[in-house]
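Q: I am new to this structure and would like to learn how to read it. Could we go through its features one at a time?

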Amino acid sequence: MSPLLTAPRAAALATAALATLLPVVAWTAGATASTAAAAPSGPAVAPAAASLAPEKKCTLPGGLAELSGLAMSRRHPGVFYALNDSGNTNQVFAVDCSTATGRLAATLTVSGVGNTDWEGLALGKDASGAPAILVGDIGDNFSGRAEISVHGFPEPERLADATVTPVTYRFTYADGRHDAESLLADPVSGRMYVASKLIGAAGRLYQAPLPPLTGQVNTLTAVGTAPVFATDGAFSPSGTSYVLRSGGPLGTNTASVHDTAGAKLADVALPAQSQGETVTYADCATLLVGSENDTQIWRVPLPPEATPGCGPTPTPTPTPTPTPTPTPTPGDLRLADPGPQTCTFNQPCTVQLTATGGKPPVRYAATGLPWGLTLDGVSGRITGRPWGSGTTRITATVTDSTGATAGAAFALTLNWF
């Protein structure tokens, strides 16, 4: 990918200075949006088919005036998690959005940490692979923080008010300090990503090491681009795509959807919002978006080209004539058998999975991995330091963008020495 210019320190100071103007600009944007809503031309979004028009999903309960993060639950249908940014409590709120009026289902107080500038929220994975709520204390308007942090804790199986004890991961950027509001987590690999926020220039997407380590500072490295004034992001439930949004008044209310290789699939217009700061996937084909100082959560359908891996089978493409099309040859997608593998207890171990054929992008998955080993769903690399001994059987699969799947199984022997 082409290199991007890093924002000068003056841009960070400009961000802080412009913060004093946001209430005035937000009022102006809100007035404009209200006028547009009253006009016969309809809502202030880009022209689209009626089936893809944004619609109101639910309103927020009280206490979320400075909404800065959304993350859809994996355990509780119709529920998302939300948080406020700096100057507010160290709490995550579970909101039931299954009806037009959102209901506060639980308040989770994160013990032992403060809300320096909570700007991102994501659903990742804990060490056992179970869903984990990730709180991104990543905001840095003055580019003055030597490091940022992400606090993670298991998603509760039952929604009730509770105090949770997090695992905290500390990060620094490989190329200097940055302001950021977007925290993403790949649901397949669990890898975390952060997108920087710049005024008037494209940001960058940074990748965390996998797994990140506690008790030390982890380095975030640039792997892609982010939109101008990026305010939030999320991975699709299948992990085959991700979205980064820009928010007004200093950015366009647009969601940019990318595949896992970083190629842009679509730009999707969002409802006009004075300070749009949040986005999450409601399902593989729909986004939820919200704004500070606005209680309305919107549902935004995605166009078909922005929903790779959506559904168990691909939607057939209509043909202009009744002429039958050839049936694809079975076995086009293949996963090479890596053969028996050997690793040593608590020593670096790498196994490369390799797929051929199929229609990219492809995603890898595996079951039976010993504790300490993880699979990167994009590259197919199994890495880590395994704990255990003896021989285990690992079953690996690969899925391409059409939904075709291939598999292979191999033995992994763990030796003590």
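A: We can begin with contacts: a contact means heavy atoms within 4.5 Å. In this model, which is predicted, residues 24 or more positions apart account for 55% of the contacts with a separation of 6 or more in the protein chain.

Q: What does the secondary structure of the protein chain come to?

A: The protein chain has 2 helices and 30 strands.

Q: How is a pair of aromatic rings described?

A: The description uses the distance of the centres and the angle of the planes. This structure holds 5 aromatic pairs. In one of them, the rings of phenylalanine 235 and tyrosine 242 have centres 5.6 Å apart and planes at 45°, so the pair is tilted. Phenylalanine 235 and tyrosine 242 are both buried. Ring pairs also join Phe235 and Tyr242 with Tyr193 in a cluster.

Q: Why is the pair of phenylalanine 345 and tryptophan 387 edge-to-face?

A: Planes over 60 degrees apart count as edge-to-face. The planes of phenylalanine 345 and tryptophan 387 stand at 70°, with the ring centres 5.1 Å apart, so this pair is edge-to-face.

Q: Where in the chain do phenylalanine 345 and tryptophan 387 lie?

A: They lie in distant parts of the chain, 42 residues apart. Phenylalanine 345 is in the loop between strand S23 (341-344) and strand S24 (349-352). Tryptophan 387 is in the loop between strand S28 (381-384) and strand S29 (390-399).

Q: How are phenylalanine 345 and tryptophan 387 classed by accessibility?

A: Partly exposed is the class between buried, under 20%, and exposed, over 50%. Phenylalanine 345 has 21% relative accessibility and so counts as partly exposed. Tryptophan 387, with a relative accessible area of 46%, is partly exposed.

Q: Are lysine 197 and glutamate 181 buried or exposed?

A: Lysine 197 counts as buried at 7% relative accessibility, and glutamate 181 counts as buried at 4%. Glu181 and Lys197 also belong to a network of salt bridges with Asp179.

Q: Which residue meets arginine 191 in a salt bridge?

A: Aspartate 376 does, with an N to O distance of 3.1 Å. This pair links parts of the chain 185 residues apart. Aspartate 376 is in the loop between strand S27 (373-375) and S28, and arginine 191 is in the loop between S11 and S12. Aspartate 376 counts as buried at 15% relative accessibility. Arginine 191 is buried, with a relative accessible area of 10%.

Q: What is the distance in the salt bridge of aspartate 267 with lysine 264?

A: The closest N and O atoms of aspartate 267 and lysine 264 are 3.3 Å apart. Aspartate 267 is partly exposed, with a relative accessible area of 46%.

Technical notes:
Residues numbered from 1 in each chain as written. Predicted model: local features only at pLDDT ≥ 70, side-chain atom pairs only at ≥ 80, totals over all residues. Heavy atoms only, no water. Phe/Tyr/Trp six-rings, centres within 6.5 Å; stacked < 30°, edge-to-face > 60°. Buried < 20%, exposed > 50% of the residue type's maximum accessible area, 1.4 Å probe, protein only. Helix = DSSP H or I, 4+ residues; strand = E, 2+ residues; numbered from the N terminus. Salt bridge = Lys/Arg side-chain N within 4 Å of Asp/Glu carboxyl O.
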